[in-house]
Amino acid sequence: ENAYPSLKPLSSWVENLGQRVEFVRSWLVQGRIFKFWMPCFFFPQGFLTAILQEHARKAKIPIDELSFSFKLVESEEDEIPKDKASTEYIIYGLFLESGKINKDTFMLEDAEFGKNFTEPPSIKIIPTRNYVSDPLDYSCPLYKTSERAGTLNTTGHSTNFILMIELPSSYPPDHWIKRGTAMLCQLDD
């Protein structure tokens, strides 16, 4: 109850804790960065809200008019912001369950037989005013762990759910919903 949510056995949990501490330490040493290892956050929703707040203040617009649009990052060159005052950030270190991102088309497709988890490319999260998602994209839920349960007593929202990430796909969203396709910040091993 006093640690971040995890379904890992103790030895893997200790290793994961060390990786989290190392990421935060390197962030403190480097100063402002634009690429974040998403699994390092105890409360990733707070990190995402901070990005929206930063953008709302810079653009002088109400935060409730903002949400995120997403772009799969095709190369390391795309990860470097041209503008150092940018409010666009890269997240990485996620796992995609029941699907994979095609390296050539950057579209969501069925995973290879026997592969439950794949590593998607980094994802650029872009604060966008009055964003409307493409109805053909799959709104892929991102969770802290593989558990799909747990509710916060005060709001009734899931304590494990982080946000929906729009992924381009040539299949309709129902295809992925039936497969239970989701992204996770950590595996159970």
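What follows is a short tour of ring pairs, charged contacts and a cavity.

This is a predicted model, where local features need pLDDT of at least 70 and side-chain atom pairs count only at pLDDT 80 or more, while totals for chains, interfaces and linings use all residues. Residues are numbered from 1 along each chain as its sequence is written, and side-chain values use heavy atoms, with hydrogens and water left out.

**Aromatic rings**

- There are 14 aromatic pairs here, a pair being two rings of Phe, Tyr or Trp (its six-membered ring) with centres within 6.5 Å; planes under 30 degrees apart are called stacked, over 60 edge-to-face, and the rest tilted.
- Take F23 and W37: their pair is tilted, with 6.5 Å from centre to centre and 55 degrees between the planes.
- That pair links distant parts of the chain, since F23 sits in helix α1 (residues 10-30) and W37 in strand β1 (residues 35-37), 14 residues apart; helices (H or I, at least four residues) and strands (E, at least two) are DSSP runs, numbered from the N terminus.
- F23 counts as buried at 10% relative accessibility, and W37 counts as buried at 14%; buried means under 20% relative accessible area, exposed over 50%, and partly exposed in between (1.4 Å probe, protein chains only).
- F34 and Y89 make a stacked pair, because their ring centres are 5.6 Å apart and their planes at 20 degrees.
- F34 is in the loop between α1 and β1 and Y89 is in strand β3 (residues 89-92), so this pair ties together parts that are 55 residues apart in sequence.
- Ring pairs join F23, W27, F34, F36, W37, F41, F47 and Y89 into a cluster.

**Charges over rings**

- R20 lies over the face of Y4, 3.4 Å from the ring centre; to count, NZ of Lys or CZ of Arg must be within 6 Å of the ring centre and within 35 degrees of the ring normal.
- K35 does likewise over the face of Y92, at 5.0 Å from the ring centre.

**Salt bridges**

- Side chains of opposite charge can pair when their charged atoms come close.
- The whole structure has 9 salt bridges, each a side-chain nitrogen of Lys or Arg within 4 Å of a carboxyl oxygen of Asp or Glu.
- R25 and E22 meet in one of them at 2.7 Å, N to O, and both lie in helix α1, 3 residues apart, about one turn of the helix.
- R25 is partly exposed at 43% relative accessible area, and E22 is partly exposed at 40%.
- E88 and K124 form another, at 3.8 Å, N to O.
- E88 is in the loop between β2 (66-72) and β3 and K124 is in strand β8 (residues 123-129), so the pair ties together parts that are 36 residues apart in sequence.
- E88 is partly exposed at 31% relative accessible area, whereas K124 is buried at 18%.
- R32, E54 and K58 are linked in a network of salt bridges.

**The cavity**

- There is 1 cavity of 30 Å³ or more, meaning a set of points, on a 1 Å grid over the protein atoms alone, where a 1.4 Å probe fits but cannot get out.
- The largest cavity has a volume of about 50 Å³, which is the space filled by probe spheres set on the points, with grid points joined across faces, edges and corners.
- Its lining residues (those with an atom within 4 Å of a point) include Y4, R20, F41 and K144.
- The lining divides into 7 nonpolar, 1 polar and 2 charged residues; Ala, Val, Leu, Ile, Met, Phe, Trp, Tyr, Cys and Pro count as nonpolar, Asp, Glu, Lys and Arg as charged, and the others, Gly among them, as polar.

Notes:
On a 1 Å grid over the protein atoms alone, a cavity is a set of points where a 1.4 Å probe fits but cannot get out, and a pocket is an open set with protein on both sides within 12 Å along at least five of seven lines; lining residues have an atom within 4 Å of a point.
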